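Please examine the sequence and the three-dimensional model below before reading the report.

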Amino acid sequence: MNRYIYTALFGTCLSPLVTEVVYLLPFQQPINLILALLIGILIGFTLPTLAMHTASMHMGYNLFNVGFAAGILGFGIVSILEATGLESTPVLIWQEGRPIWLVLGLYGYFIATFFYGLWVNQGQLKPLFKILRHPGRAVADFILMDGLGATLMNMSVVGSVSLTYILLVKGDLSGPVIGGILTVFGFGAFGVHVKNFIPCMLGVYLSTYLKIFTPTMPSIQLAALFSAGIAPIAGQFGPIAGILAGMLHTSIVMCTSDMYSGLNLYNNGFSAGFVAIIMVPLLESFKNHSRKGNLRR
């Protein structure tokens with residue numbers, strides 16, 4: 001039952017596809033609207049089952065599993081539409097700048113969350129550090145494992161780190177970026193903490209020195225934030241693996257949006273699934289090989 005609740009919430013990532021169909025279909029507007037609604041209902045029926053199977057593909061190392069499932073489903077639907085001559089053209093709408101009132105408001109919100117969590121914990125910081133021991137691999141419910149107070153403090157720290165990164169690289173507090181910051185803040189209750197998140201974010205940043213991208217590109221700003229989805233890789237295999245995962249994520253995320261014409265809002269979740277599928281078997285194989293080598297010695 002829980003998977004249907006989660007998918008219903010995160011399944012909104014394909015809502016632009018439903019809207020786009022209203023304007024792409026060649027029929028009269030009422031018919032287009034009915035067909036778009038039917039496609040939306042079909043997505044709602046299909047996504048929970050698909051998400052259950054994609055979780056087994058990356059074995060919990062992609063925290064944005066519904067984004068991965070939605071990317072696969074969205075790719076299939078868009079491929080059918082384009083094969084019939086109905087092609088959607090993505091448009092970038094991006095607000096630049098970093099309003100000081102917004103910066104102070106976000107930091108104020110995170111600080112208030114931290115002190116509320118500290119109050120819930122009766123002034124104890126030790127439970128917060130216990131969270132850092134978890135690799136973050138799904139399902140990692142920090143509230144269940146370490147309590148509400150520690151989780152709220154962890155969410156605050158993760159949110160503050162995300163905002164600070166955007167300010168340090170001179171990024172933009174646009175709608176998508178604020179949404180990304182608050183998303184990572186939320187996933188501070190489900191698998192993400194600074195120990196497994198920062199290496200992945202650092203990998204995205206370092207990759208810009210090796211590739212044609214810059215840290216201030218809209219897609220790269222979002223990739224740095226949503227690299228939180230592959231944080232369990234760093235948590236399980238160490239910071240070097242996290243950095244490499246972040247670098248690979250940067251390359252994949254710049255290509256995947258074309259697969260469904262930008263109609264999956266969780267493009268980073270889709271890309272993170274591929275990062276996990278590629279890296280986790282290699283890392284586990286290397287880890288097992290190293291373990292066998294040590295046993296022989």
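The following report treats helices, nonpolar cores, aromatic pairs and backbone features in turn.

The model is a predicted one, in which local features need pLDDT of at least 70 and side-chain atom pairs count only at pLDDT 80 or more, while totals for chains, interfaces and linings use all residues. Residues are numbered from 1 along each chain as its sequence is written, and side-chain values use heavy atoms, with hydrogens and water left out.

**Helices**

Helices are DSSP runs of H or I with at least four residues, numbered from the N terminus. Helix H9 covers residues 175–187, 13 residues in number. The expected span of a helix is 1.5 Å times one less than its number of residues. For H9 this gives 18 Å, and the end C-alpha atoms are 18 Å apart, so the two values agree.

A residue is called buried under 20% relative accessible area, exposed over 50%, and partly exposed in between (1.4 Å probe, protein chains only). The buried residues of H9 include Val177, Ile178, Gly180, Ile181, Val184, Phe185 and Phe187. An α-helix has 3.6 residues a turn, so residues three or four places apart point the same way. H11 is mostly covered, with 7 of its 9 residues buried; these are Ile220, Gln221, Leu222, Ala223, Ala224, Leu225 and Phe226.

Thr151 belongs to helix H8 (residues 148–168). Because its relative accessible area is 0%, Thr151 is buried. Contact means heavy atoms within 4.5 Å. Not counting residues up to four places away in sequence, Thr151 touches Ile131, Phe142, Ile143, Gly188 and Ala189.

**Nonpolar cores**

A nonpolar core is a set of buried Ala, Val, Leu, Ile, Met, Phe, Trp, Tyr and Cys residues joined through side-chain atoms within 4.5 Å. The largest core has 35 residues, of which Ile166, Leu173, Val177, Ile181, Val184, Val192 and Phe197 touch the most other members. At least two residues of this core come from each of H5, H8, H9, helix H10 (194–207) and helix H11 (218–226). Apart from neighbours within four places in sequence, Val184 is in contact with Val158, Ser162, Val192, Phe197, Leu225 and Ala228. A second, separate core holds 23 residues, among them Leu25, Ala69, Ile77 and Val78.

**Aromatic pairs**

Rings of Phe, Tyr and Trp (its six-membered ring) pair if their centres lie within 6.5 Å; planes under 30 degrees apart count as stacked, over 60 as edge-to-face and the rest as tilted. By this rule there are 14 aromatic pairs. One of them joins Tyr109 and Phe110, a tilted pair at 5.9 Å centre to centre with 45° between the planes. Tyr109 counts as partly exposed because its relative accessibility is 43%, whereas Phe110, at 0%, counts as buried. Phe64, Phe187, Phe190 and Phe226 form one aromatic cluster.

**Backbone features**

Which residues does a cis peptide bond join? The bond lies between Ala138 and Val139, with omega about 10°. Val139 is in the loop between helix H6 (126–131) and helix H7 (142–146).

Positive phi values in residues other than glycine are found at Met59 and at Gln122.
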